[in-house]
Amino acid sequence: MRWASDYVRAVVCLVALLVPALGARGQGALASDPNLPVQVVLDQFGAGDIARSGEWTGVRVRLRDSASTSREVLVRLHGLDPDGDVPVSTRDLTLNPGVDQFVWMYVRLPFNFKGGDDLTLSVYEAREGGRKPSGEPWFAPGDLLGRATLTPTPNKVMDSQMGLTGVIGPRTLGLSGYSERPAAGTLSDAYHLRLHENVEAVPGLTPASLPDSWLGLTQYETIVWAGGEPLELHEPNKLDPRQAEAIRDYVARGGHLVIVLPAVGQVWTNRESNRLKDIMPSVAVQRNESVDPAPYRPLLNIRPTLRYPTKGITVHTFRVPPDAEPQDAMEVLNGPDGRCVVVRRLVGAGAVTLVGLDLNETGFSQGGALDAEVFWHRVLGWRGKLTPDDQNNAGPNAASIFGTSRTPYYMDGDIPSEIAQTGKTAVGVIAGFFVFLAYWLVAGPVGYTVLKARGLQRHAWVGFVGATIVFTALAWGGAAGLRPQRLEARHFTLLDHVYGQPVQRARLWASVFLPGYGESRVSVGAPSGLGPNAVTAWDTPGDDESWAKFPDAREYAIENADPGTVLVPTRATSKHIQADWAGGPAWKMPMPVAGEDGRPGAITLNPDAWPAGTAPVLSGVLTHDLPGPLHDVLIVVFRRQDTLRASGGDGVNAALDQPIVRATAFRVTSDWAPGTANSLDLGIVTGRPAGIADGGAGSVDLSQVLGDIIPRPPAAYTIAAPIPNDRSSRVNRLTGLALLHLLPPPNLQDNTVSQYAALRRATHGWDLSRWATQPSVMVIGHLGGDGVDAPSPVPLIVDGEAVPTRGRTVVRWVYPLGTNPPSFPAESPGR
């Protein structure tokens with residue numbers, strides 16, 4: 001929809017050469033102004049003092065007021081918008097004289113933000129300016145009381161291609177293996193030396209320093225809580241109610257909270273002492289002291305070259321009460337005695353996992369005995385060797401064989417083209433070309449020839465002026481006729497739902513045409529029982545040229561308490577936005593069909609399924625009532641985690657780069673239309689491939705599907721391999737966003753081609769590989785796209801009017817099956 005703005009932006013580029021754009025980034029760091037009464041000190045730039053470009057970020061500052069009495073102030077953090085406007089995050093609070101007070105502010109960093117760039121924070125006297133729709137007072141800025149330029153150091157802002165795991169506690173507990181950067185000057189920091197994406201573990205977070213909104217936590221795909229307890233507000237180093245609510249929202253919106261129980265004094269299952277008790281797994285906990293760690297080695301470390309603790313450890317085991325709901329307590333890993341040591345509760349689109357093994361024991365946390373690819377792979381659902389092959393006695397050191405060439409393969413790199421208004425732009429450009437061509441001919445050679453033939457060439461200037469007037473009117477009239485006159489948006493949306501959970505989550509990227517001049521209130525529908533949703537301007541990753549700023553750049557406010565509503569400047573052009581929504585079901589997702597006896601429908605995993613037996617993998621029938629047919633449907637059945645490997649011998653030499661799960665995938669080869677008349681019989685779809693009828697599905701091992709998603713680079717490209725852009729490749733990439741951490745790692749033995757590195761920049765937190773750790777069924781399908789328009793489930797509203805959305809929604813639906821933890825190897829000690 002940007003055809004109308006192309007001309008405007010061209011003019012802007014010329015103006016920008018002469019007039020500095022408003023809202024430009026500051027140069028260098030400025031201290032808090034000492035002449036103002038409120039002193040501002042940057043405390044954290046991002047949760048844990050780490051941020052990532054292209055992401056919502058929490059910024060915590062310390063304020064100290066020298067006034068003699070308390071007063072209401074307005075804190076304003078100036079952000080960055082690719083249109084040149086200045087989004088200003090605002091928050092009002094009461095400052096007490098001479099007291100250090102901490103406040104969290106939230107802003108989305110653009111993709112090109114880096115350490116050394118800066119943001120400006122100001123503190124104003126708060127003057128009541130009316131009432132909000134909620135009835136609360138609305139404050140306008142009065143006198144300036146404080147100002148500071150906030151400049152994070154280069155190592156505090158991670159590249160948008162890097163993943164992040166937050167660790168509450170001082171130790172990374174083996175998670176640092178997921179971030180192994182190549183030698184300086186060889187590969188990008190975003191690439192893992194042996195995997196794809198680098199996932200940086202950020203230790204040192206404390207309960208007291210956590211953000212008070214889910215927006216500040218969303219940069220972390222997983223948060224591992226390994227230190228501190230969730231106790232009362234006024235106790236040091238504890239969680240307060242706002243932080244507890246932020247964690248609940250973070251989990252319900254798809255986050256994964258992993259809690260490692262302390263050896264002594266755990267209170268996580270104590271309702272009176274735990275503000276997060278309502279999202280904890282419903283289990284009874286038994287503490288076992290001085291447990292021999294040897295039988296647990298297949299869960300923690302199978303490399304004989306590493307030292308392993310020999311003294312007794314503390315192990316908490318979990319018992320699921322008979323009255324617990326299945327999704328409130330799902331066993332993930334059992335110990336050698338069959339008792340559960342890792343248990344999970346599903347919460348909305350996310351999960352909370354309790355770990356009963358004392359990973360903080362010195363032998364694990366400091367001695368290197370905790371192997372991430374043995375333990376954390378089976379908790380997080382990730383894949384790949386984190387150690388060189390020579391440490392596994394499996395041949396030459398792959399790191400020395402591996403070449404220095406990697407080609408970024410952005411799994412979410414198709415988003416800009418998905419939301420581009422290319423058709424309307426082409427119409428405007430072609431029309432403009434022909435109008436100019438006609439004008440040139442009439443005002444130039446053709447007009448002069450006609451006048452000369454009639455002996456009127458002396459009046460050529462009159463003809464020239466007349467042609468100019470006529471074609472100017474024609475150009476303006478044509479532009480007005482071609483310009484859209486109503487709200488509309490082209491979108492790309494990810495939509496997730498876990499069967500049985502009351503929450504759906506979605507993220508929308510859209511190019512929204514705002515037809516008016518002035519201001520428009522853009523909002524995303526209110527959530528149901530969760531914290532506020534969020535909408536923000538969005539910039540194209542890696543495209544700094546898209547930052548063509550308008551000369552009339554203006555500020556617009558974003559309330560910290562309600563980032564789901566923004567009053568943006570409008571110029572009858574399109575604006576790129578990102579909207580995060582979660583709430584009660586917006587669409588009727590797939591669901592099992594009820595039986596003829598009226599009992600609720602269900603999906604079951606057949607114990608005698610092929611290849612060992614003859615039955616289909618699943619039994620059950622699915623239907624959906626989505627607003628259109630699903631195409632390119634992929635059904636992934638995670639049957640069970642693979643058997644744990646023994647320490648030493650062929651257990652170490654086994655293909656650790658393979659998924660830790662036994663899984664089968666089925667491609668539905670025809671569109672799946674809505675309605676019970678078009679139900680999907682899983683007994684047919686998941687049967688033996690030879691027995692599948694036309695229009696059914698093709699069955700393959702999951703590894704084959706994953707290999708299709710991240711293809712082998714073509715031969716002869718040793719520096720930069722081309723990125724396939726055919727329809728199948730685009731669909732595979734967008735589908736593969738759900739399975740990113742399960743993708744096959746690069747072939748370290750092949751240095752004849754530039755290896756693809758599967759990366760993402762805009763979709764961190766939207767991987768669903770965690771489901772590989774427990775029996776489940778995942779359905780991924782596309783609604784719209786490839787020339788077919790379909791709506792988005794995200795309720796986008798402009799000035800009170802619902803915005804018609806057209807584009808593609810990738811639907812990801814998960815059905816949890818019964819728990820079935822992996823078995824121990826027969827030769828394991830203690831068996």
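Is Asp552 buried, partly exposed or exposed? Asp552 is partly exposed, with a relative accessible area of 36%; buried means under 20% relative accessible area, exposed over 50%, and partly exposed in between (1.4 Å probe, protein chains only). Asp552 makes a salt bridge with Arg554, with 3.7 Å between the closest N and O atoms. A salt bridge here is a side-chain nitrogen of Lys or Arg within 4 Å of a carboxyl oxygen of Asp or Glu. Arg554 is also partly exposed, at 29% relative accessible area.

The structure is a predicted model, in which local features need pLDDT of at least 70, side-chain atom pairs count only at pLDDT 80 or more, and totals for chains, interfaces and linings use all residues. Residues are numbered from 1 along each chain as its sequence is written, and side-chain values use heavy atoms, with hydrogens and water left out. The average pLDDT (the predictor's confidence in each residue, from 0 to 100) is 84 for the chain, and 82% of the residues score at least 70. Residues 390-404 have a pLDDT below 50, yet this stretch has 33 contacts in the model beyond near neighbours in sequence; contact means heavy atoms within 4.5 Å. Where pLDDT is low, the predicted coordinates should not be read in detail.

The chain contains 14 helices and 37 strands. These are DSSP runs, numbered from the N terminus: helices (H or I) have at least four residues and strands (E) at least two. Of the 831 residues, 56% count as buried. Among contacts between residues at least 6 apart in sequence, 78% join residues at least 24 apart.

The whole structure holds 43 salt bridges. One of them pairs Arg571 with Asp85, the closest N and O atoms being 2.7 Å apart. Arg571 lies in strand E24 (residues 565-583) and Asp85 in the loop between strands E4 (71-78) and E5 (86-95), so the pair ties together parts 486 residues apart in sequence. Arg571 is buried at 10% relative accessible area, and Asp85 is buried at 2%.

Another salt bridge joins Asp786 and Arg727, with closest N and O atoms 3.2 Å apart. This pair links distant parts of the chain, 59 residues apart: Asp786 is in the loop between E34 and E35, and Arg727 is in helix H14 (residues 727-736). Asp786 is partly exposed at 33% relative accessibility, and Arg727 is partly exposed at 36%. Salt bridges that share partners join Glu418, Asp632, Arg727, Arg730, Asp786 and Arg808 into one network.

Asp786 also has a positive phi, near 55°. Most residues other than glycine have a negative phi.
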